Amino acid sequence: MTGTAPVPFTADDYKARMDRAARQAADAGLAGLLVAPGPDLVWLTGYAPPAVTERLTLLVLAAGREPVLVVPTLEAPDAEKATGAPALALRDWTDGKDPYALTAALLDAQGRFGVSDNAWALHLLGLQKTLPGTSYVSLTEALPMLRAVKDAAELERLAAAGAAADAAFEEIRNVRFSGRREFEVAADLAALLRRFGHSQVDFTIVASGPNGANPHHEAGDRRIERGDMVVLDFGGLRDGYGSDTSRTVHVGEPTEEERRVHDLVREAQEAGFRAVRPGAACQDVDRAARAVIADAGYGEYFIHRTGHGIGVTTHEPPYMIEGEEQPLVPGMCFSVEPGVYLPGRFGVRIEDIVTVTENGGRRLNDTERGMVTVD
């Protein structure tokens with residue numbers, strides 16, 4: 001079961017994104033945006049270079065100007081095939097020529113530009129040398145909400161990715177855990193994500209027993225035993241959009257304390273979800289979930305933010321954390337994933353992806369949040 005293919009994005013979709021990005025840059029007081037290969041370039045143009053190399057590829061966006069994609073000549077044919085290519089101009093350069101001089105001609109020599117976070121220092125320094133009057137700021141700092149509000153087509157893809165991750169969980173809960181090593185269960189999870197339509201698996205955390213107290217534990221060769229709590233956190237990309245869900249299962253019957261902590265995290269996750277509504281601040285979601293855990297005396301064991309945005313990457317703005325006053329807007333998508341981590345003993349995390357609706361929130365994951373026992 002892989003589901004039906006999503007409606008493809010069109011050149012008009014990409015044009016609208018580029019226009020919006022250029023307007024937001026101008027509103028932020030920037031002369032424009034410089035977008036290197038990576039998630040931002042794919043989201044804005046539909047173009048992913050066949051390889052990211054030392055050859056400069058850069059999208060230049062500025063309000064009131066036609067978008068321009070600077071590409072190496074040998075990659076121009078691939079760039080021309082991108083869905084968003086009709087909405088921009090291509091400027092290619094050949095080996096032996098100076099790509100920074102070509103790019104400089106497109107820029108305000110005294111301008112301040114937003115630069116995609118994964119741009120190579122080599123290229124940024126090359127531009128600075130050619131245009132010493134320019135200055136730069138990371139795109140996440142300058143326009144953190146650029147990709148945050150999803151349209152209907154994006155929400156459809158995120159929902160499908162979430163459903164695929166849910167299907168993987170429903171399968172994995174029926175496999176044998178006891179006596180197997182963490183990496184073996186992680187391999188099962190990765191295979192299930194691919195079976196249910198994921199083209200990319202970003203992580204499959206299987207953290208058993210005391211390893212569950214490490215939120216980002218990498219599945220290792222520890223043998224899972226009866227009596228273990230096991231944190232499962234997994235996700236990746238399906239049709240270009242992310243999934244990310246966590247459930248904590250128990251091998252055999254849990255103790256009273258294990259069940260109590262699991263119920264506490266479930267209550268905190270529910271409180272975080274119920275705090276989602278238009279106009280609420282991101283930090284309100286964190287506060288709601290954290291208060292439940294703190295009031296129960298486990299506050300020092302909730303050691304990470306409550307959530308992160310998700311879209312064409314599995315981690316992106318906005319972040320559900322104290323101090324983030326960004327208001328929630330319909331179409332935003334992010335995780336709600338409180339946890340309790342007891343060093344040397346066990347951990348519990350429960351995570352859903354949630355999207356903001358006109359009057360609250362909607363979960364994109366819907367598997368069992370109560371205690372699940374496995375063999």
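This tour moves through a predicted model, from a helix and a surface patch to aromatic rings and salt bridges.

**Helix 5**

Select helix 5, residues 121–130. Its buried residues are His123, Gly126 and Leu127. These residues span an arc of only 95° around the axis, so they sit on the same side of helix 5. An α-helix has 3.6 residues a turn, so residues three or four places apart point the same way. Now select Ala121, Leu125 and Lys129: these exposed residues are carried on the face turned away from the buried side of helix 5. To see what covers the buried residues, display strand 1 (32–35), strand 2 (58–61), helix 4 (99–104) and strand 6 (135–138), which are among the covering elements.

Step back to Trp120, in the loop between strand 5 (112–115) and helix 5. Its relative accessibility is 35%, so tryptophan 120 counts as partly exposed.

**Aromatic rings**

Next, select Phe9, Tyr14 and Tyr241, which ring pairs link into a cluster. The structure has four aromatic pairs. In one of them, the ring centres of phenylalanine 9 and tyrosine 14 are 6.2 Å apart and the planes stand at 70°, so this pair is edge-to-face. Phenylalanine 9 is buried at 11% relative accessible area, and tyrosine 14 is buried at 7% relative accessibility.

**Salt bridges**

The structure holds 24 salt bridges. Begin with glutamate 253 and arginine 259, whose closest N and O atoms are 3.6 Å apart. Glutamate 253 is exposed, at 60% relative accessibility, whereas arginine 259 is partly exposed, at 34% relative accessible area.

Then centre the view on aspartate 352. What is its relative accessible area? The value is 0%, so aspartate 352 is buried. Its side chain meets that of arginine 363 in a salt bridge of 2.6 Å, N to O. Aspartate 352 belongs to strand 16 (residues 352–356) and arginine 363 to strand 17 (residues 361–363), so the pair ties together parts 11 residues apart in sequence. Arginine 363 is buried as well.

Aspartate 352 also forms a salt bridge with arginine 369, with 2.7 Å between the closest N and O atoms. This pair links strand 16 to the loop between strand 17 and strand 18 (372–374), where arginine 369 lies, 17 residues apart. Arginine 369 is buried, with a relative accessible area of 15%. Finally, select Arg247, Glu270, Arg274, Asp352, Arg363, Asp366 and Arg369, which salt bridges with shared partners join into one network.

Note on methods. Residues are numbered from 1 along each chain as its sequence is written. This is a predicted model: local features need pLDDT of at least 70, side-chain atom pairs count only at pLDDT 80 or more; totals for chains, interfaces and linings use all residues. Side-chain values use heavy atoms; hydrogens and water are left out. Helices (H or I, at least four residues) and strands (E, at least two) are DSSP runs, numbered from the N terminus. Buried means under 20% relative accessible area, exposed over 50%, partly exposed in between (1.4 Å probe, protein chains only). The arc is that of the directions from the helix axis to the C-beta atoms. Contact means heavy atoms within 4.5 Å. Rings of Phe, Tyr and Trp (its six-membered ring) pair if their centres lie within 6.5 Å; planes under 30 degrees apart count as stacked, over 60 as edge-to-face and the rest as tilted. A salt bridge is a side-chain nitrogen of Lys or Arg within 4 Å of a carboxyl oxygen of Asp or Glu.
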